[in-house]
Amino acid sequence: MKVLAAFIFFTRLPFWRIKEVPAKYFKRIVPYWPLAGWLTGGITVGVLWIAAQILPISIAWVLAILSRLLITGCLHEDGLADFFDGFGGGTTKERTLAIMKDSQIGSYGVIGLIVYFLLLFLLLENLPLKLICVLVICGDCWSKFCASQIINYLPYARKEEESKAKNIYDRMTWQELLTGFICGFLPIILFLPIDFWPVMICPILTFTLLYRLMKRLLQGYTGDCCGATFLLCELSFYLGAVILLYAHIKYGNPDLINVYLK
């Protein structure tokens with residue numbers, strides 16, 4: 001039931017038609033966020049692969065990004081825009097929370113989204129198709145696991161009735177933590193070459209920096225913070241992969257991509 005609740009919340013696919021899920025289960029959906037990444041990342045990779053058979057990779061990658069926006073209903077991107085607005089314009093906890101709750105997007109949010117999508121597009125645009133597919137599925141799942149840990153380290157910054165989703169997540173049990181880790185790490189074991197495994201550190205470092213920022217200004221987290229943390233962790237995963245790839249090409253194994261693709 002909690003898995004179904006996670007798919008209902010984290011996607012806009014009609015899982016709600018399968019069965020009505022009681023509200024209490026939505027408090028325990030975050031551990032299954034990486035599992036939802038298998039679905040969103042898998043569909044994104046599927047669209048990318050199919051589109052790339054008849055279109056340039058750059059256009060196929062744009063279509064893949066758009067497909068994930070449709071699947072998730074821009075849930076995380078909305079949080080990222082609010083996060084940039086709140087932390088960019090807020091100087092106190094109360095002011096930051098008020099800005100983040102405002103439905104109107106500000107200049108920080110607009111600029112932040114533009115930079116985010118530019119980096120997202122440019123980082124993977126020139127990579128081989130197979131490598132992009134691997135990075136997308138691994139980055140989606142692993143980054144969601146890293147971002148999900150925010151509920152274990154910080155309390156919710158608002159009162160429950162002030163929450164946009166009218167829901168406060170419960171902290172994970174050790175079984176849920178293990179489930180989330182397996183769902184986030186398994187794609188890396190299955191698909192990512194060992195040479196690229198060090199990029200897993202990048203989302204962890206990004207999470208640590210964002211955690212310290214939220215703790216200092218908000219003394220907690222919000223739903224917008226969760227979405228922003230995921231997207232920024234994922235972006236750091238791609239950035240780390242590109243840096244590592246170019247480092248191998250320039251200083252290590254210049255045939256790394258060809259060897260992997262074969």
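In α3, Ile57, Ser58, Trp61, Val62, Ile65, Arg68 and Leu69 meet α6 residues Tyr116, Phe117, Leu120, Phe121, Leu124 and Glu125, where contact means heavy atoms within 4.5 Å. That contact of α3 with α6 splits into 10 nonpolar, 1 polar and 2 charged residues, with Ala, Val, Leu, Ile, Met, Phe, Trp, Tyr, Cys and Pro taken as nonpolar, Asp, Glu, Lys and Arg as charged, and the others, Gly among them, as polar.

A word on the model: it is predicted, so local features need pLDDT of at least 70 and side-chain atom pairs count only at pLDDT 80 or more, while totals for chains, interfaces and linings use all residues. Residues are numbered from 1 along each chain as its sequence is written, and side-chain values use heavy atoms, with hydrogens and water left out.

**How α3 and α6 pack**

- Helix α3 (residues 57-72) packs on helix α6 (residues 107-125) at about 135°, their axes 10 Å apart; axes are lines fitted to C-alpha atoms, for helices over the stretch in contact, and angles run from 0 to 180 degrees between N-to-C directions.
- That makes α3 oblique to α6 (under 35 degrees is roughly parallel, over 145 roughly antiparallel, 65 to 115 roughly perpendicular, and the rest oblique).
- Helices here are DSSP runs of H or I, at least four residues, numbered from the N terminus.

**Asp140**

- Asp140 sits in helix α7 (residues 129-148) and, at 0% relative accessibility, counts as buried (buried is under 20% relative accessible area, exposed over 50%, partly exposed in between, with a 1.4 Å probe and protein chains only).
- Its side chain makes a polar contact of 3.3 Å with the side chain of Arg68; such a contact is a pair of N or O atoms within 3.5 Å, and within protein one must be able to donate a hydrogen and the other to accept it, with residues adjacent in sequence counting only if both atoms are side-chain atoms.
- The Asp140 side chain also reaches the backbone nitrogen of Gly41, at 3.4 Å.
- Setting aside residues up to four places away in sequence, Asp140 touches Gly37, Thr40, Gly41, Arg68, Leu135, Phe230 and Glu234.

**Asp78**

- Asp78 belongs to helix α4 (residues 75-89) and is partly exposed, at 41% relative accessible area.
- Asp78 and Ala228 are 150 residues apart in sequence, yet 8.4 Å apart in space, C-alpha to C-alpha.

**Thr222**

- Thr222 is in the loop between α10 (201-217) and α11 (223-251), and its 1% relative accessibility makes it buried.
- Beyond its neighbours within four places in sequence, Thr222 contacts Leu97, Met100, Tyr156, Ala157 and Arg158.

How values were computed: Helices (H or I, at least four residues) and strands (E, at least two) are DSSP runs, numbered from the N terminus.
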